[in-house]
Amino acid sequence: MTGAVADAGGIKVTEGDRRFAALSRGFNPRWRARPDYIRLVSDGSQVRHALEEAVNEPVADPARRRITVRSGGHCYEDFVCADDVRVIIDMSLMDRVQYDPALDAVCVDAGVTNGDLRRKLFLKTGRVLPGGSCPSVGIGGHIPVGGFGLLSRQHGLTVDYLYGVEVAVVGADRRVRLVTATRDSRDRDLRRLWWAHTGGGGGNFGIVTKFWFRDLPQAPEKVLFTASGWKWSTIDKERFRRIVRNFGRFFAEHRGPGPYDPLFAILQLTHSSQDKIGLIVQIDAGVPDAEKLLTDFLNAMNEGVGVDRHALSEAYGEYPAFTGLHAPIMLPWDTVEKLFGPVDNLRAGKHKSAYMVEPLPDDQIDALWAGLAEDAAGARRDAVVQIDSYGGAINRLRPGQTAARQRSSILKLQHQVYWPIAESGEGHLRWIRTLYRNMYRRTGGVPLPLAEQPGSPVTDGCYIGYPDVDLGDPEWNTSDVPWPALYYGEDYAVLRQVKDRWDPLNIFHHRQSVEPLRHSGDGAAEPGPIGGGGHAQMPEEGPA
């Protein structure tokens, strides 16, 4: 085929091949690249060859040097697709899921998607990875950020089950080798490399080709599921406050461990130009008193609101419409998985995030009301601030046991806005940036991590899985806390040491990649010990 060559490094796609345009853009159409070529790889050996070739070939344009990696293509910023990208290594063809007897673990290729896991893990074994609901998200990006999903309050984060990774790394001699790092590797540097992939972000240390998972939980046989919402036409400021307070109070009172751990809920605070404020709830139907637990939660959400909920007949944010599910219904687990996608990729978008260790305080709720209900009367805005329940089994581990260190939160927020591809998006970007700054005005426009808040902290930083380059912009972050601390807290120093060891030439970099230590003179503390959490059979020693 014109524009493609197959060799030891996989399929080399160049301009002129009909696949080139599709592979040069992210799922978010804001992000496009004009690379010299794209590599479609099928196994670790091809990754190694493709990467070594890319690292050692001459660079004609110094402004276009970056080598990036694409799994599902869902990165919210231009870390994979941008004008400065020279080569993209695409993992889409690496889609195997199989049991590995040598490591006594389930081995998942880095190109596998959440949707693939339904067919290749759940249908084969009855087990699940407690990850995200969007079927087209790639595991290669989802795991290293500490991915979570509808089963995480019941079973924890995806990385709580991560036993090992195979990574293609580039040495100081520009040679590439495949290394396997596990949580019980004898070599300290290998243990640290494994640990860095339990929440240290993607595109930082090398190219992950495989993940190994142990002790994966069994999927629910059935779940009770409901999706409904309050009509905006019936909502005033006091009712809005009541809904947000009810949601926060419930999950503050049921942080876990407890009977409500198997219940996961999503509050969709949509823009008032949309039809409803949404509420999506799921609980494992096999737990004791599941129906009563769900009913009690729905009653708690209705307390003091005074208006009925109705079916969600529109899509909000990244979720489709859920018509006919306003009353709880018993469904097989895989039916629920299929309800959540696929979402379209015809809208450009911007995302932000926050972890909450307490319910939203009144000033944050009022900032939400101002941005969602009082903004540009009569204007249509495709926007939602989604609040996911957190806590439960997620908080069984301690900070430092994984690089996903936020282990005391009760809620996670995702601020979202979308616009048609043909529009510039400037007005929408200004809107979401202003709303976010106003929500966290007391702390410099950003949700500070626990260590930076004296007294009674409310937030615990941001989620690297929803990257936001505004965190490094002094116009929008007026605190004295840099963006790495918002994502990684006190663990960032260790991640920088891992970076120096495994990516000494800083081959893998983007606007929010882990910064090398060399020439900085910085010191670094050890991460906290791994183990003692009683979850996923973590080893008793840390990565130090």
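A salt bridge is a side-chain nitrogen of Lys or Arg within 4 Å of a carboxyl oxygen of Asp or Glu. The model is predicted, with local features needing pLDDT of at least 70 and side-chain atom pairs counting only at pLDDT 80 or more, while totals for chains, interfaces and linings use all residues. Residues are numbered from 1 along each chain as its sequence is written, and side-chain values use heavy atoms, with hydrogens and water left out.

**View 1. The salt bridge of lysine 350 and glutamate 77.** The side chains of these two residues meet at 2.6 Å, N to O. Between domain 1 and domain 3 the count is 1 salt bridge.

**View 2. Domain 1 and domain 3.** The chain is divided into domain 1 (7-90), domain 2 (97-213) and domain 3 (222-487), with bounds from an automatic or database domain assignment. The centres of domain 1 and domain 3, taken over C-alpha atoms, are separated by 33 Å. To the contact (heavy atoms within 4.5 Å), domain 1 gives 9 residues and domain 3 gives 19 residues.

**View 3. Glutamine 386 in strand β17.** This strand covers residues 382-389; strands (E, at least two residues) are DSSP runs, numbered from the N terminus. Glutamine 386 counts as buried because its relative accessibility is 3%, buried meaning under 20% relative accessible area (1.4 Å probe, protein chains only). Leaving out residues up to four places away in sequence, glutamine 386 touches Ile266, Leu267, Tyr319, Lys412, Leu413, Gln414 and Gln416.

Terms used:
Helix = DSSP H or I, 4+ residues; strand = E, 2+ residues; numbered from the N terminus. Buried < 20%, exposed > 50% of the residue type's maximum accessible area, 1.4 Å probe, protein only.
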